[in-house]
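I opened this notebook to record what I looked up, entry by entry.

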Amino acid sequence: MAALLAAFAAMLACVAAPAHAQLSNLGAGQTGRPLSVCVLRAHPGDDPARLIRAPQRFDCTAKQTSFGPGDYWVISNDIGQRSRSRRPLVARIGSVWQQSLTLHVLYSDGRLATMHDDNRGITRRIQLGAIVEHPLPRYSAKVQRLMWKAEGSANLRGIVVGPRLATQAESQRSNLAMAAIYAGFGGLALALLVYNLALWASLRYRFQLAYCLMVAALLAYAFTSSGALAWVWPDIANNDRLRLNYLLLTLACASALLFARAFFEEHVFGPRLRLLIRATVTLLVATGLFFVLFAPVGVNLVDRVYSWVFASVIVSVVATLWSAWRSRSNYLWVFAIAWALPILAACMRIFANLGLIRWNFWLDNSTILSMSAEALISSVAIAYRIRLLSRERDSAIAAEAVARRLADTDPLTGLLNRRAFLASAIGREGPQTLLILDLDHFKQVNDTLGHDGGDEVLRVVARTLRALAPPGTLVARIGGEEFAVVTGMNQPVDPNTVLTRVRATRMPFDLRVTASIGTATGTLATEADWKALYRAADTALFAAKSAGRDRARAATLAA
């Protein structure tokens, strides 16, 4: 199997995944106890100690995204749990675009603990699933409540998203679970990549390279979105990690479109559809670069453009599928199976990106799940594609062989025609014997039996010669009733045996048919050798006819 599918599903799985770059796999945040939070816009001079002890000013009803970008305080509901040595607590939130993050922890004895991180400090707290985790200091007093200060928050999907209180053991189990998920996807992607590169080295189908490009982009995207990049490169700013994540997502989707373009038959793509796909791919790559360059200046506007560009990808997808259906593509059903789940997930994520529906655990985890499913089914699709290509190739080879055979064969007798006979005879190594057989009084045969009867006599004689010829012998009809046989000296054809067999073979209407044979032996290395050998055999044939026909004569070449 080669690579059918890890493409189209990946494309549509990532069609709506811009938010996955912002809020990567909050499903991992499902571990632990959910916290409800309230929001207050930050102002210069705010006293965190006073705010966390008197949360009456916080808004607990409005959606976080309704506040817009800026600096905010986000406070949790009352907790009432101890962070103990045997059961340490951690606070977990989703990674989003912000310049810095400070967590204040209020204990029941009035103590206040503070942890401040700039953008690079946030990276060092990233867990698998792109979860920002703060371990809570361990005191004998209970944790009363938490309060985050998010500075420079873009508030694209929220200020503090998916806040949860978990134990350190739950956090470790979450990391193990997410490591298993991402390692499974990574192993699958690497296996598909290596396998299809190896297949490409031997088969050289263009869609295999497009597939490998897409799988590599998906692998890189999963590496950045999972938070693994933060573990490998802890000094990278978290916002820079998100910018790289956005770029890789556009490259993955662009390569998926290129895979679809290379995978479907050429007749699926008319001039307009080809132009649409080229424009969409160019727009995707340009949008990814645009986000990388200009997100620090105005991330909210850039993200909105990014989301709409990804939504426009669906136009190319739908147009491709529609054209494939209208042109009766052999591969449409495979894509339909592979892309059903990713298309649904993509549409739902686009709706969420545009604020039409709320995020939830299953929606946020749909990207990695749909990409994995699509990658598997895509392998089957590519195998199906290669199987059909192999069939087409075999049919073409067979058709070419038939056409070549028809071009080289006498249509009446099935023997070689004169052109093919000469092409095969000239250049044979070693001494060769040429036997020329001419039917005696064939005009009388035609006059007696008619042309249909005469044709049947020619076919009978052809079968007789073919039956007597040893392996490697060339047998041809080189004229009307004239046949030629070329054989090596080590496997001679006895002309008298041929004459006896012709006489004994039953002819139409029991007509007695005889033949005359002339033979000559010599080399056939060049065309000049053929002409000399043919002249000698033809002279011997003339001598046989002059001697009364129904006999054979041999000639020798002049030195």
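Entry one, charges over rings. I found the charged end of Arg261 over the ring of Phe269, 4.5 Å from the ring centre. The test I used asks for NZ of Lys or CZ of Arg within 6 Å of the ring centre and within 35 degrees of the ring normal. I also noted Arg111, which lies over the face of Tyr139 at 4.1 Å from the ring centre.

Entry two, the basis. I am reading a predicted model, in which local features need pLDDT of at least 70 and side-chain atom pairs count only at pLDDT 80 or more, while totals for chains, interfaces and linings use all residues. Residues are numbered from 1 along each chain as its sequence is written, and side-chain values use heavy atoms, with hydrogens and water left out.

I searched the whole structure and got 14 aromatic pairs. Rings of Phe, Tyr and Trp (its six-membered ring) pair if their centres lie within 6.5 Å; planes under 30 degrees apart are stacked, over 60 edge-to-face, and the rest tilted. Phe67 and Tyr72 are an edge-to-face pair, 5.9 Å centre to centre with 70° between the planes. I found both Phe67 and Tyr72 buried (buried is under 20% relative accessible area, exposed over 50%, partly exposed in between, with a 1.4 Å probe and protein chains only).

Tyr107 and Tyr139 also pair edge-to-face, at 4.7 Å centre to centre and 80° between the planes. Tyr107 lies in strand S5 (residues 100–107) and Tyr139 in the loop between strand S8 (131–135) and strand S9 (143–153), so this pair ties together parts 32 residues apart in sequence. Helices (H or I, at least four residues) and strands (E, at least two) are DSSP runs, numbered from the N terminus. Tyr107 is buried at 0% relative accessible area, whereas Tyr139 is partly exposed at 26%.

I then returned to Phe269: ring pairs link Phe269 with Tyr211, Phe259, Phe263 and Phe264 into a cluster.

I placed Val305 in helix H9 (residues 271–326). Val305 is partly exposed, with a relative accessibility of 36%.

I counted 16 helices and 15 strands in the protein chain. Buried residues make up 53% of its 559 residues. Among contacts (heavy atoms within 4.5 Å) between residues at least 6 apart in sequence, 80% join residues at least 24 apart.
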